[in-house]
Amino acid sequence: MSEATPVLPEWCRLVRADNPGPMTLDGTNTYVLTTGDGTVVIDPGPWLEEHLGAVLSLGSVSAALITHHHEDHCGGIDLFRELTGGAPVLARDPAASGADAELPAHGERLDDLGLLVLDTPGHTADSVSFVADDGASVLLFSGDTVLGRGTTIVAYPDGDLGAYLASLDLLRTAVPPGAVLAPGHGPLRAHATAVIDEYVAHRRQRIEQVEAALDGGARTARDIVEIVYADVDRALWPAAERTVAATLAYVRAVG
């Protein structure tokens, strides 16, 4: 039996960019939050005029927040600024993403929704998640740290597996079991903590598989991908190789 897609509260709308692909799944998810301080956009997305037009049609934008610096999440920043007349863009690493300023510190809140800022490095060094709680519903905006379908890449060397596992642990305790997962790609999920548990179990399994491949004589990330990811679409092997490289660094660091 398939999981029912949760319904977003009235103050949050999802606009999906038309950029589907092996890494972006159905496309980049942009979230438009209506607050007393104005409309806040999470991840404006790629440089697609039609997409940004759809986003900006939902309200006068006061600011945009970036979950991490990958182009499919923030490649349209310059066009976004132009179309909004200069609405500020905030990110954890403004230099990497092209944002105007840095987000509030980890654990701080912004806007009248009390949007909680959580540093969740691992997918990238600058990955950030946001938690919104209106008293009736809790939403976890996870960027690419946790997707709505499949698993994510640990983009070594920018990404770090030890940091990623710690970020999953953090998110597991940051939201209640009934929180809705609002990922950067893929469908909304009704039980964020259950998805996070699946991610932790999967990543631990991959670590064991990498260790077994090493014991069997594999030496390079490519060697291991050909063993561990043999049943995965080869179009995804380059991404898998980066995650395996991150896993190798982690395994060697922890002994």
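This is a predicted model: local features need pLDDT of at least 70, side-chain atom pairs count only at pLDDT 80 or more; totals for chains, interfaces and linings use all residues.

A: We will look at helix H6, which has 24 residues and reaches 35 Å from its first C-alpha to its last, close to the 34 Å expected at 1.5 Å a residue.

Q: Which residues of H6 are buried?

A: An α-helix has 3.6 residues a turn, so residues three or four places apart point the same way. In H6 the buried residues include Ile-196, Tyr-199, Arg-203, Arg-206, Ile-207 and Val-210, and what covers the buried residues includes strands E10 and E11 as well as helices H5, H7 and H8.

Q: How do H5 and H6 lie relative to each other, roughly parallel or roughly antiparallel?

A: Angles over 145 degrees count as roughly antiparallel. The axes of H5 and H6 cross at roughly 155° and come within 9 Å, and the two helices are therefore roughly antiparallel. Their crossing is left-handed, and the residues in contact include Leu-165 and Leu-168 of H5 together with Val-200 and Ile-207 of H6. By class, that contact has nine nonpolar, one polar and four charged residues.

Q: At what angle do H6 and H7 pack?

A: Helices H6 and H7 pack at about 115°, with their axes 10 Å apart, which makes H6 roughly perpendicular to H7. The crossing here is right-handed, and among the residues making the contact are Val-210 and Leu-214 of H6 and Ile-224 and Ile-227 of H7. This contact has six nonpolar, one polar and one charged residues.

Conventions
Residues are numbered from 1 along each chain as its sequence is written. Side-chain values use heavy atoms; hydrogens and water are left out. Axes are lines fitted to C-alpha atoms, for helices over the stretch in contact, and angles run from 0 to 180 degrees between N-to-C directions. Helices (H or I, at least four residues) and strands (E, at least two) are DSSP runs, numbered from the N terminus. Angles under 35 degrees count as roughly parallel, over 145 as roughly antiparallel, 65 to 115 as roughly perpendicular and the rest as oblique. A crossing is left-handed if the near helix is turned anticlockwise from the far one by less than a right angle, and right-handed if clockwise. Contact means heavy atoms within 4.5 Å. Ala, Val, Leu, Ile, Met, Phe, Trp, Tyr, Cys and Pro count as nonpolar, Asp, Glu, Lys and Arg as charged, and the others, Gly among them, as polar. The expected span of a helix is 1.5 Å times one less than its number of residues. Buried means under 20% relative accessible area, exposed over 50%, partly exposed in between (1.4 Å probe, protein chains only).
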